[in-house]
Amino acid sequence: MATVHLRIGDLVWGKLGRYPPWPGKIVSPPKDLKKPRGKKCHFVKFFGTEDHAWIKVEQLKPYHAHKEEMIKINKGKRFQQAVDAVEDFLKKAKGKEQNSDGKGDSKGKKTPNKPLKILEEDDEDLSALKDPSEKDLTDSDPEPSTIERLGAGPGSGFKWESSPASSMEPISKRLKIIEEDTGSTSIQAADSTAINGSITPTDKSVTCSSRKGARLGRTPAEVASMCDITFSCVSDPKAARDLVLGPSGVLQGIRPGKCYVEMSTVDPETITELSQVITSRGGRFLEAPVAGSQQLSNDGMLVILAAGDRTVYEDCSSCFQAMGKTSFFLGEAGNAARMMLILNMVQGSFMATIAEGLTLAQATGQSQQTFLDILCQGQMASTFVDQKCQNILQGNFKPDYYLKHIQKDLRLAISMGDMANHPTPMAAAANEVYKRAKALDQSDNDISAVYRAYIH
């Protein structure tokens, strides 16, 4: 979209991310909401949804000049309702102008108390954000922010009210920062886990969110609205997007200062998209995928790879110390996803090679147990090799790391290699073996069940 000169009060068409252009009005942002760094942008209130977001100038067009064009390309019901809301707004504004010479019948009347106020007092039209159909709050509404679903639009509907200043203060931390030549950073707890009680807890309210739920919340939006920091860990890119962008998604609960930590192992493009939409609402974003298994998770011995907002990383330090034995900060959002996919690509390929070695030993009349004994006395000896091989020999494929997830990561790593024009033939070969294992109904078994792809 071409750059235009706009100001507060102008009606516009604004485009946010993958959503279609949507009618809105440029308004004053909340006093505690900082403008994003970089390109020039305006704070826009979208009609029909009560969404608000920072939109880059090049993603804005004047409403009247492009109305016919936009109506032709979007026929959705919600879109039409938004256009109708604009027309109603214009009619009311015209009526106010015509009555401006009257006696002011409304003088002295007070607007009913509203739980939300995001415009500054000098805005030209404070009433633009007050929906006459808005329902009164009940005691069941989430605190400290109230969320109400008002329909789909350029983003999930949300509103906010100011939170106490203390929610933005840095938390107390007890950690060592290890700077490396690579520019990455590692946070290490003195004793790895919280068993010895040496970890200083965060003073933030924290919710760990999965689709099964770790703390009761009716929707992802409600979970995000209740807490300063929300952690999420789901199975794949689609699930991660749906959790944030879907109906009653996390995005509805994001307001200035809210932190969202995405711990799912997904592709860098998904992380970039989520980071953009979270920060466009004044939120703070960190990705923090974890390296490890179910057992390591239970033991608090995961390795956490983080990237994005450094201040969120520091705010989460005590949480990371409780979850894992160490954590690394890798810079801009997307870097942790890249590193995690590389690590899992190596792990998946290695597991497939071990399974291939075990089956080749059997096929050539060699003892699989002897093969394992020799392997565990050499340079490749590790707890991982010993446990996985012993489980294979015992026919125990109870999942410690799901086979379907390692195959997903192999696929994403191969795609990442293609985008970087870098060959990944070993990963591609391993991926085919895991795909065969999935075809043999091994998806929900451990990654060691790739062994079965060689014996069927």
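Tutor: Residues are numbered from 1 along each chain as its sequence is written, and side-chain values use heavy atoms, with hydrogens and water left out. In this predicted model, local features need pLDDT of at least 70 and side-chain atom pairs count only at pLDDT 80 or more, while totals for chains, interfaces and linings use all residues.

Student: How many helices and strands does the chain have?

Tutor: The chain has 15 helices and 14 strands. These are DSSP runs numbered from the N terminus, of at least four residues for helices (H or I) and at least two for strands (E).

Student: What share of the chain counts as buried?

Tutor: Of the 456 residues, 48% count as buried, where buried means under 20% relative accessible area, exposed over 50% and partly exposed in between (1.4 Å probe, protein chains only). The accessible surface of the chain is about 23200 Å², and carbon and sulfur atoms contribute 52% of that surface.

Student: Why is Ala 322 called partly exposed?

Tutor: Ala 322 has a relative accessible area of 37%, and is therefore partly exposed. Ala 322 belongs to helix H9 (residues 317–323).

Student: What makes Asp 441 count as exposed?

Tutor: The relative accessibility of Asp 441 is 68%, so Asp 441 counts as exposed. Asp 441 sits in the loop between helix H14 (425–439) and helix H15 (452–455), and its phi is near 65°, a positive value in a residue other than glycine.

Student: Why is H10 called oblique to H12?

Tutor: Helix H10 (residues 335–363) packs against helix H12 (residues 383–394) at an angle of about 50°, with the axes 11 Å apart. That angle makes H10 oblique to H12. Angles under 35 degrees count as roughly parallel, over 145 as roughly antiparallel, 65 to 115 as roughly perpendicular and the rest as oblique. The axes are lines fitted to C-alpha atoms, for helices over the stretch in contact, and angles run from 0 to 180 degrees between N-to-C directions.

Student: Which residues of H10 and H12 meet?

Tutor: Gln 347, Phe 350, Met 351, Ile 354 and Leu 358 of H10 meet Phe 384, Val 385, Lys 388, Cys 389, Ile 392 and Leu 393 of H12; contact means heavy atoms within 4.5 Å. The residues of this contact comprise nine nonpolar, one polar and one charged. Ala, Val, Leu, Ile, Met, Phe, Trp, Tyr, Cys and Pro count as nonpolar, Asp, Glu, Lys and Arg as charged, and the others, Gly among them, as polar.

Student: How are H10 and H13 oriented to each other?

Tutor: H10 and helix H13 (residues 403–419) pack at about 120°, with their axes 8 Å apart. H10 and H13 are therefore oblique to each other. The residues of their contact divide into eight nonpolar, four polar and two charged.

Student: What makes H11 and H12 roughly antiparallel?

Tutor: The axes of helix H11 (residues 368–375) and H12 cross at roughly 175° and come within 11 Å. H11 and H12 are therefore roughly antiparallel to each other. Gln 368, Gln 369, Leu 372 and Leu 375 of H11 meet Val 385, Asp 386, Cys 389, Gln 390 and Leu 393 of H12.

Notes: Accessible areas come from the Shrake-Rupley method with a 1.4 Å probe; for residues, only the protein chains shown count as cover.
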